[in-house]
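Hi there,

I am passing a structure on to you, and below it you will find my notes. Please have it open while you read.

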Amino acid sequence: MNRRWAWGWLGAALMLGGGAVMAQDPPPPTARQLRIVPELAPAPSPASPPEKARTAYLLSYFKEHVHSLHFAVSRAGYRFTDVNDGRPVLSGEAVAGQKGIRDPYLMRGEDGAFYLTMTDLHIYAQKEGWRSTEWERPAADYGWGNNRAIILMKSRDLIHWTHARVDITRLFPAYRRMGIAWAPEAFYDTRRRQVMVYFSTRIGNGKNYLVYSYADPAFRTLTTQPKPLFPFPRAGKSTVDGDITRVGDRYHLFFSTDDGTGNIRQAVSSRLTGGYVYDPTKVDPEKVGTEAPMVWRRHGTNAYVLMYDVYAAKPNNMGFSETRDFKTFRDIGHFNDPGSPMKTTNFTSPKHGSVTAITPAEADRLERYFAGQ
């Protein structure tokens, strides 16, 4: 994998002894964590609150050295507060084969349940004593940050979750030599009435590209061999960190690429699983490296927020742009920038996150749970 992509995953701070970065990382997780359960309770009736009631927002994110899941809530989509005072809500050690997770993505499905996907990868596992080698498999054969599995989790209340670790290399023989399974996301396919899971992969140490598969209803495994989602039109270039948003009858796929200056681009299609037309225009306004684009809509408006991980900032931060037409993007700054409406209250340096619309009651429940009430 080329050094530029490796640097993206490491972020702007490979200062492993690094006071600046390490000082921003929270203490180890408290005893209170999300609960892993064997089965979910039956769905309530109605299963899902109406869209008009989903006026609050839940940010899922991780931090570079902690490699665990964090949650932060906002009532208006501008000011976010971590529900566990900056500590993980779920330890990566508890759920991942590599003892660490990255790239959490949270979606509410058509059935009202929440679907959480994460990368099973700890880039500092050797340093932390979890393995004797730098990577799971030799870097010469499988590249930087190689991994085999993704994490699938499902919940009805954001507190109780089922859990599955899906090893792509064992599940699908064609992917036995797969180098990575990075940044999985979920999308409900209305045509098939199934949850689609899409992620970045490569064979061996080749170029990265985006693939998709379908999950079983329990969200414990993948049922179809991954297929290419977006064959990049320029040979020799990589694509990672795909994020799909449906607007009207069009699907907007945002992703990170090493094609030209800046990282984030988009492609548009009338079909979910193919036909994407590439737009080479740089989307984000940043002058340093970015990755992990994710789009969410402001409640009651036709304004969409494009969020991205500005990994080359020191320290790293999330950047934000707003759009109404998906052609022009207005820069609204980074978390806690002077003049930016985007704020955090009790955490810093979130990485590769997602924002999901929830109800104020769901936000209250999460806060009460982590307050021990």
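Strands here are DSSP runs (E, at least two residues), numbered from the N terminus. Strand β19 (residues 317-323) runs antiparallel to β20 (residues 330-334), joined by three bridges; two strands pair if DSSP finds at least two bridges between them. E322 has R330 in β20 as its bridge partner.

A word on the source: this is a predicted model, where local features need pLDDT of at least 70 and side-chain atom pairs count only at pLDDT 80 or more, while totals for chains, interfaces and linings use all residues. Residues are numbered from 1 along each chain as its sequence is written, and side-chain values use heavy atoms, leaving out hydrogens and water.

The average pLDDT (the predictor's confidence in each residue, from 0 to 100) is 91. Over residues 1-27, though, pLDDT stays under 50. Where pLDDT is low, the predicted coordinates should not be read in detail.

Next, look at the open sheet of four strands, ordered β9-β10-β11-β12 with antiparallel pairing. Its edge strands, β9 (178-189) and β12 (227-228), each pair on one side only. Nine bridges join β9 to β10 (residues 194-203), and I180 stands opposite R202 in β10.

Is S213 buried or exposed? This residue of β11 (residues 209-214) counts as buried (under 20% relative accessible area, 1.4 Å probe, protein chains only; exposed is over 50%, partly exposed in between) because its relative accessibility is 0%. The S213 side chain reaches the backbone oxygen of T224 at 2.4 Å.

Happy exploring!

Definitions and conventions. Contact = heavy atoms within 4.5 Å. Polar contact = N/O pair within 3.5 Å; in protein donor to acceptor, adjacent residues only side chain to side chain.
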